[in-house]
Structure formats: C-alpha cells, structure tokens
Amino acid sequence: MLVNGIDLDLEVGVSMGAAAALLVRRRIPLLVFLFTLPGLYIGYIWFAPMIALYTLAARRPGRARLVVCALLLIAAHFLPYPISDFELTAYRENTLVLIDASVTSAAPIALGLLVRTRRELASRVEDLTLSLRREDRLLADRVKTTERARLAREMHDVVAHQVSLISLQAGAVQVSTDDAEARAGARTIRELSVRTLEELRHMVGVLRADGGEAESRDLAPQPDLEELPRLIEMSALDVTYERGVVAGAGGANGAKTVERAAFRTVQEALTNIRKHAPGARVRVRVDPVDTVRAADGAHGPDGADGAEAAGEGRTAHGLRVEIRNGPPDAAAPVPGLPGGGHGLVGLRERAQSLGGTLEARRTSDGGFVVRAEFPYAAG
C-alpha cells in the first residue's frame, strides 16, 4: 500500500494474499511459497516469498525441490509484469536484475539450510551427551558389580570359615557334655550358626548377582513375622512379645517386604539391647498401623488381647513395630560386643526406602525405645 497507495487493485490484492498465506507456512511450506509468487511477480511484496522459501529450506530440504523453487523465484523477480514490457536488449539492466533475483532466492535457502543444520547438530550433540552418560552409568555399574563380587568373596572366605568353626565346636560340646543345660546352649549356638550361614549365602548371592530376579530365586528365603517368636526365644533376653497382627495379614502388595523390614528392625534392636542394656526387660510389639491407636486404648494389662481384637475384621494398611527396653541391670555382665554405630542409621534408611518412618530415643526411666512404621503399599 505504501508503494501503490490504498486503492485495492490487482497488485495490492495479490500482495495481501501472499502476506496472509504466511500464517500457514509451517504446515504447507511448498504450497505457501507457490501462492506467494504472484505477489512478487504482479505486486511489490518481496519478503513473503523469501520467508516462504526460507521456511521450505528449513523444514522440507529437498535438493531438486529447492532448485526448482529458486528458479521460480528468480523468474518471478526477473521477468516484469506484464511480460510485454521485457526488453531483451537491455543487457546491463537485465544483468543487474538477474543478479539481484539470484541473491534474493539464494539467501533464504542458505539461511534455512543453516538453521536446519544447526538444529540437527544440536540434536546429535544431545544424543551424544545422553549416550556418553549411559556409557558412564554402564561403566559405573560394571565397577560396582566387580566390587560386589570382591566383597562377596571376602565375606564368604572370612565369615563363613569362622561361623563354621563355631558350629563345629558347638556340635562337639553338644555331643560330649552330660549337662542338659550345656547341651541346650550348644544346640542353640549351632542353630544360630546354621542360620547365619544360610543368611550369609543369601547375601553373597545378592552381591554376586547383577540385580536380576532370575539369580535370586534359588537364594535362601528371607525371614518374616512368622520367625519373630523364634528370634525372640533365641535372643537370651527377658522379652515380652505383644502381637496385634499375624504374618501375611496385610494382604497387600509388598507385605513380605514390610514384614522382613519389621523382622530386621526387631533383630537389630535386640542386638543393641544385648550390647548396651544387658539384663534389661524388653517389650516387643507389632500392630496394624491403622488400628494401633484403638489398640492402645483397648488392650488389657498384658497389652496383647486388645491389640489382637482391634486388628480383627479390618484390613491393615501397614505395620507399626515398637521395641522398648528398661534400664540395664547393674549386676549383669557387659558382653563387650563390637559395634560400628551404623545399626540405627541402617534401620532408618530401610524405613525411608519403604516410605515409612523410624524413631529412636531414650525414655524417662533410663531405657530406650525404637518405633518404626511401614506402609504396605510402599513395598
């Protein structure tokens, strides 16, 4: 309109049509480019066909297609409208117009191809970066697998040998002694040794495996709540066991994982009590987590009947495990067992990995309490 005025003649009409066609240039770039050529040939709009040709080069880069479109743009720019005004003998003017038309067609093609090439390079660099990260992870996994295998060998060579000797010595005492109490103690030591070897075999298998389920199927079964009474019986502690839920009562996904975590929590807590509070009275309690408040107000003097009654007829959504001990007995000898100080840290990490919580604190009477909650859905 700046060139021809505001009169809606043919030149202004084809120019406005060419400009409007640019709105859909990303979807149909070739058709849009062909639609803008009359605006250049008849009218005075240059940018519309140049933008359309740039979009075509950036999105549909075919060599033959771009060559044909470039020739069409050159022809629309070089030939005048109407064609009868073309003067073949005006060599100097025609040469200048031809050079101008060639530059007008070559520039958007070059820019479009450059943008597309840069986009492809960025995509390839991103793919290469991701590939390098995957390679780094694979290398780290390989190093981790090698280290796990080394740890498995060390654990088997050192621990299995010592535990086997303990089992043999306990068996010898069980056979040779006439004292019934000594035989019972030797039998307990031997059972603990055998169980320790079984769990050691499981851990060695886990360390040697690459995390696949196929290699874990033949390993030793993991403990759950059904084995908790036996653990308490063999702990050599004064323990009162209050059970408000039976093994497998959760009926939810991950119930075995949660029960195994509860078993390990009790096991570690009893170990700490033997180390730091010898002779203390201990209470172990396992309740459904969604009915534990009702159980707290419903149990009788022994604390077991009300919890069991509260747990009946309702679906448990998790487990609450509480191990509470009183102050140590001053007359009881301190066993002097070694400790690394990582037991409670490991229990807290296990609870957090299952979506649960763990609390460990001292009580006002000089004892200690460990309380953990595990949701079944997290397993």
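In which sense do strand 3 and strand 5 pair, and over how many bridges? In this predicted model, strand 3 (residues 318-325) and strand 5 (residues 368-375) pair in the antiparallel sense, and eight bridges hold the pairing. Within that pairing, Val321 is the residue that stands opposite Ala372 of strand 5.

## The chain as a whole

The chain has 379 residues, and 34% of them are buried. Its secondary structure consists of eleven helices and five strands. Of the contacts between residues at least 6 apart in sequence, 70% join residues at least 24 apart.

Most residues other than glycine have a negative phi.

Glu322 lies in strand 3. Is Glu322 buried or exposed? Its relative accessible area is 10%, under the 20% cut-off, so Glu322 counts as buried.

Not counting residues up to four places away in sequence, Glu322 touches Arg283, Val284, Arg285, Val369, Val370 and Arg371. The side chain of Glu322 makes a polar contact of 2.9 Å with the side chain of Arg371. Another polar contact, of 3.5 Å, joins the side chains of Glu322 and Arg324.

The pair of Arg371 and Glu322 is also a salt bridge, at 2.9 Å from N to O. This pair links distant parts of the chain, with Arg371 in strand 5 and Glu322 in strand 3, 49 residues apart. Side chains of opposite charge can pair when their charged atoms come close. Both residues belong to a network of salt bridges that links Arg283, Glu322, Arg324, Glu359, Arg361 and Arg371.

## Salt bridges

How many salt bridges does the count come to? The count comes to twelve.

| Salt bridge | N to O distance |
|---|---|
| Arg116 and Glu120 | 3.3 Å |
| Asp287 and Arg285 | 2.6 Å |
| Arg371 and Glu322 | 2.9 Å |

Arg116 and Glu120 both lie in helix 5 (residues 91-176). They are four residues apart, which is about one turn of the helix. Arg116 has a relative accessibility of 25% and therefore counts as partly exposed. Glu120 is partly exposed as well, with a relative accessible area of 34%.

Asp287 has a relative accessibility of 2% and so counts as buried. Arg285 counts as buried because its relative accessibility is 5%. Arg285 is also among the residues that Glu322 touches.

## A nonpolar patch on the surface

Which residues form a nonpolar patch on the surface? The patch is formed by Leu23, Val24, Ile28, Leu30, Leu31, Leu34, Val68 and Leu72, which together have about 700 Å² of accessible area. Helix 2 (29-41) and helix 4 (63-78) each supply at least two residues of the patch. Helix 2 gives the most, with three residues.

Val68 is one of the patch residues and lies in helix 4. With a relative accessible area of 49%, Val68 is partly exposed. This value falls between the limits of 20% and 50%, so Val68 is classed as neither buried nor exposed.

## A cis peptide bond

Where is Pro82 placed? Pro82 is in the loop between helix 4 and helix 5. The peptide bond from Tyr81 to Pro82 is cis, and its omega is near -5°. Most peptide bonds are trans.

Technical notes: Residues are numbered from 1 along each chain as its sequence is written. This is a predicted model: local features need pLDDT of at least 70, side-chain atom pairs count only at pLDDT 80 or more; totals for chains, interfaces and linings use all residues. Side-chain values use heavy atoms; hydrogens and water are left out. Buried means under 20% relative accessible area, exposed over 50%, partly exposed in between (1.4 Å probe, protein chains only). Contact means heavy atoms within 4.5 Å. Two strands pair if DSSP finds at least two bridges between them. A polar contact is a pair of N or O atoms within 3.5 Å; within protein, one must be able to donate a hydrogen and the other to accept it, and residues adjacent in sequence count only if both atoms are side-chain atoms. Patches are made of residues with over 30% relative accessible area and no salt bridge: like charges are joined within 9 Å, nonpolar side chains (Val, Leu, Ile, Met, Phe, Trp, Tyr) within 5 Å. Accessible areas come from the Shrake-Rupley method with a 1.4 Å probe; for residues, only the protein chains shown count as cover. A salt bridge is a side-chain nitrogen of Lys or Arg within 4 Å of a carboxyl oxygen of Asp or Glu.
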